[in-house]
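Let's take a walk through this structure together, one site at a time. Keep the 3D view open and turn it as you read.

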Amino acid sequence: MAHDLPIFFAIAMAFGVTMYVISDGFDLGIGILFLLAPAETDRDLMMNSVAPIWDGNETWLVFGGTLLIGAFPVAYATVLPAFYLPLALMLFGLIFRGVAFEYRFRATAGRRVWDWAFSGGSALAAFTQGLVLGSYIDGIIVRNGVFVGATHGVLTGFTVVTGLGLLAGYALLGATWLVMKTGGATQAFGRKAAGPSLALSLIFLLVISVWTPIDHPFVARRWFGAPQIYYLWVPPVLSVAAAYGIWRSLHGEREALPFLLSIVLFLLALLGLGITLWPYAVPYSVTFWQASSSPPTQEFLAVGTVIIVPIILAYLAYAHRVFRGKTQAGTGYGG
Amino acid sequence: MNPGAVLLSRVQFAFTIGFHILWPAYTIGVSGFIVLLNILWLRTGRAVYHDLLRFWIHLFALGFAMGVVTGVVISYEIGMNWGGYAAAVSNVIGPFFTYEVMTAFFLEAGFIGIMLFGMDRVGQGMHFVSCVMVALGALVSAFWILAANSWMQTPAGFTFADGKFQIASWWSAIFNPSFPYRFAHMVTAAYIAGDFVVIGVMGFYLWRGRHLEIAKTGFSLAMWIALILTPLQIFLGDAHGRNTLQYQPIKVAAMEGDWDTKRGQPLVVFAWPDMAAQRNQYELAIPKLGSLILTHSWDGLVEGLKAVPPADQPPVPYVFYAFRLMVGIGVVIFLIALAGLVLRLLRRLYDTRPFAALCAFSSPLPFLAILCGWTVTEVGRQPYVVYGYLRTADAVSPLKPSAVATSLALFLIVYSALLLAFFWYATRIVLHGPEIEHPAEHPLAVRPGKDSAPAGQPAD
Ligand code: HDD
Ligand code: HEM
Ligand code: HEM
């Protein structure tokens, strides 16, 4: 039992990260595309399409962070200091975009400032998350349970690629969200933005997939060793299929399909990441077992997690239902 | 560990959490008031309650966003700056933070959208439920976070070995000795803070002679609440202090400015506590009163700071002055509430303009008291993070001072700008005033745009 709890929490962690990346992904993606939108009315509509749910989306980030301190404190205490500056910048990005929801619609003269705060903050948060992801894949050196250094530092060619990759990926989620949730000119803008976002996402994903095994023998062995090689070709192939599906459905009748397939694309990428890094909580030095809090602590936390998370999912689903359908002008803020 | 990094991390943490705590206090307080308005509206159907409700939801939303963005910062900062602390304590209080997210933050986040934008979509009942959920989430959040903080003050239900805490009893760890007092005192502080925001805004309208119908109703309600809560808070503060005397006597000695352990301790009204000389300069004291207040007996034994070596004493002047300021404010706001009662009995509550003007400027006081109270609590705990067990210097992450200095500078700039923006837009909402509707005198579904349209914007 005690031995299985780290696995349970690794799955819970993966779930939290996935929920975050997807839900805040489209939310940040809308921010990334914000300044490119053709007109003020489109920007109003874009923001209103996420205004009632952005807080819930971002809460998954807090969930991830606090699940780490509860279940994997060693990882929490080493990974967070290791990424001090990118994480601090991410927080500033989230601050700017978060308050912009409230302040933009109240501003008259200062509206432009909040446009920039929303868009710049979203892009900064996305890019720095990509930096953290990249240097996480790169690995963190830990000695005596204390972080000593990131293998290559946080700002390298590789991490810049992961940063840009996440930026493009979130933009794809945001654009396809607009296709699903809006109509008229805003929807047309979503369609237009989705193509380049998709292309860039795929290019960066490819670069990352080639670069990682070259730099990391551990990853190369994991990917190309037997027997994994017999099934590890499946996610990439499915990703290509999903990307093709997005491309085909973008101008079609089923307006939710591009968004759903973009989620599939993200799920596959995250699955690949999980397979690659397992069993490390801190690559490539601390496993989930080594990072765990003590068994009684994990037991106490597991009980609540099993009971409460389904309830959370239920009322979040309800909140989404309340705001289902196309976002109309004149609902939400402003109008 | 690098002393520069320790100091910078402490300053940054104190600044960011001190900034954060203002917003939960605001949202706990204002959401409570909103729930009350909602109940009054549903029960009486009077349009004035509905107008007040919509007005306060606008003002609530503005502060809510600030609470969220500054709170996310702290949950990451604990790991980023206080890695040693996180590694040592998380077997015990780590899950408290996770439970806070699962039981409180999601609740707020899930229903805030409906509260702000959903009036027309869900109907009256469900909208009321959403307001209650948001207010409840704010309270539950305070429950967990104060359990964690109180455990750091009066640790219980654990074992300690090799620099790490292990859990022995969840019940004792959560309901540790200072928790009930801290929770009651802090939650009351938050309701007082929200209430004085209402008193401030409504007092402003009375003073300027605007929106009188709404202002009278809101002001009267808020003054009744103040009359109940301010004396309650003084009572709770006294109880909290006596609990602290039992578990953290040195903190109380710093609050009181008592250096020597003795019976019949005087009450130091004013002094400059001189840590180098280990005594008070310029002391003005009332004999024996200190013992009476703390122990409820003229000859009660009260420990002094010199009971521990100077290295184990907290920075006394901060604790000493912050405590006096907090208590002073507690008395002042109680007097305001009393004056309100007297004027009400004289039937002059709404037309005594100097009083209305005083009230208009009283809103910051409880917030200041909250910051002072936390200074007493946290600085008084020094040099420990976990009282008696883990020292602050061992709690910090191995960071470069330059990295922390950079983030600290950015926090100072960004938070100042945020505060200015908040006051700017809040002032505009207040100056614009509530939108008055005089429809049928019964609750009805509220129209979109109208209710969510910000001040100064065309509604439809
Ligand atoms: C509206 C705000 C407010 C007001 C009017 C008061 N307090 Fe307070 N006080 C707080 C808000 C607060 C607080 C911010 O909520 C603190 C910080 C930590 C805590 O639990 O409550 C606090 C802490 C705090 C402590 C520190 C206990 C510890 O940490 O060990 C004591 C002894 C008191 N208070 C006592 C009082 C007394 C005797 C008051 C009478 C006038 C008073 N407070 C008014
Ligand atoms: C559960 C809630 C809280 C936790 C976990 C917490 C934790 C900490 C930690 C780890 C430190 C740094 C170490 C130290 O200097 O003692 C600290 C310091 C401090 N905290 Fe808290 N704190 C909490 C609540 C608050 C709140 C709400 C305030 C509001 C103002 C506050 C004010 C401070 C201050 C002023 C310091 C600096 C004390 C000093 O360095 O001398 N804390 N706290
Ligand atoms: C006594 C100290 C504290 C109290 C009473 C408190 C209470 C609250 C409340 C009521 C909220 C909701 C805010 C709002 O709606 O405006 C909130 C937000 C938040 N707090 Fe604090 N807090 C305290 C200190 C802390 C600490 C130490 C942490 C770090 C673990 C923290 C993390 C957060 C986060 C992450 C949010 C945003 C939640 C969201 O996304 O909705 N808070 N806090």
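How far is an oxygen atom of ligand 3 from an N or O atom in the side chain of T27(B)? The gap is 3.0 Å. Before going on, keep in mind that you're looking at a predicted model.

Let's stay with ligand 3 for a bit. It has 25 residues around it, and the closest are H20(B), T27(B), F64(B), G71(B) and E108(B). Those names all carry a B, but chain A has a part here too: residues from chains A and B surround ligand 3, so the site is shared between chains. On the chain A side, look for D55(A), where an N or O atom of the side chain sits 3.4 Å from an oxygen atom of ligand 3. H20(B) faces a nitrogen atom of the ligand instead, with an N or O atom of its side chain 3.1 Å away. If you'd rather think in whole elements, the ones that give two or more residues to this shell are helix 3 (54–71) of chain A plus helix 1, helix 2 (47–81), helix 3 (83–117) and helix 4 of chain B. Helix 2 of chain B has the largest share, at 7 residues. Sort the shell by class and you get 16 nonpolar, 7 polar and 2 charged residues.

Ligand 3 has an iron atom, and the single donor it gets from the protein is NE2 of H20(B), 2.2 Å away. To find this residue, follow helix 1 of chain B.

Now move over to ligand 2. Which residue of the protein is the donor to its iron atom? Here it's E378(B), which reaches the iron through an OE atom at 2.1 Å and is the single protein donor. You'll find E378(B) in helix 12 of chain B. The side chain of E378(B) also has an N or O atom 2.8 Å from a nitrogen atom of ligand 2. Helix 1 of chain B gives the most, with 6 residues. In total, 18 residues surround ligand 2, and they split into 11 nonpolar, 4 polar and 3 charged.

Next up is ligand 1. Of the 25 residues around it, R182(B), H185(B), T244(B), M326(B) and T377(B) come nearest. Oxygen atoms of this ligand pair up with several side chains. An N or O atom of T377(B) is 2.8 Å from a ligand oxygen, R182(B) has one at 3.0 Å, and H240(B) has one at 3.4 Å. Helix 7 of chain B supplies the largest share of this shell, 7 residues. The classes here come out as 12 nonpolar, 10 polar and 3 charged.

Time to zoom out and see how the two chains meet. The contact takes in 66 residues of chain A and 72 of chain B. Together the chains bury about 6,200 Å², with 74% of that on carbon and sulfur atoms. Three residues, Y84(A), R106(A) and F300(A), supply 14% of the area chain A buries against chain B, more than any other three. What about charged pairs and polar contacts? On the chain A side, helix 13 of chain A brings the largest share, 15 residues. That side divides into 44 nonpolar, 16 polar and 6 charged residues.

Salt bridges do turn up when you count over all chains, where the total comes to 19. For one you can find by eye, look at E40(A) and R43(A), whose side chains meet at 3.3 Å, N to O. Both lie in helix 2 of chain A, 3 residues apart, about one turn of the helix.

Terms used: Residues numbered from 1 in each chain as written. Chains lettered and ligands numbered in written order. Predicted model: local features only at pLDDT ≥ 70, side-chain atom pairs only at ≥ 80, totals over all residues. Heavy atoms only, no water. Near = heavy atom within 4 Å. Polar contact = N/O pair within 3.5 Å; in protein donor to acceptor, adjacent residues only side chain to side chain. Helix = DSSP H or I, 4+ residues; strand = E, 2+ residues; numbered from the N terminus. Nonpolar A, V, L, I, M, F, W, Y, C, P; charged D, E, K, R; others polar. Donors = N, O, S within 2.8 Å, 3.2 Å for Na, K, Ca; no water. Contact = heavy atoms within 4.5 Å. Buried area = accessible area lost by both parts, 1.4 Å probe. Salt bridge = Lys/Arg side-chain N within 4 Å of Asp/Glu carboxyl O.
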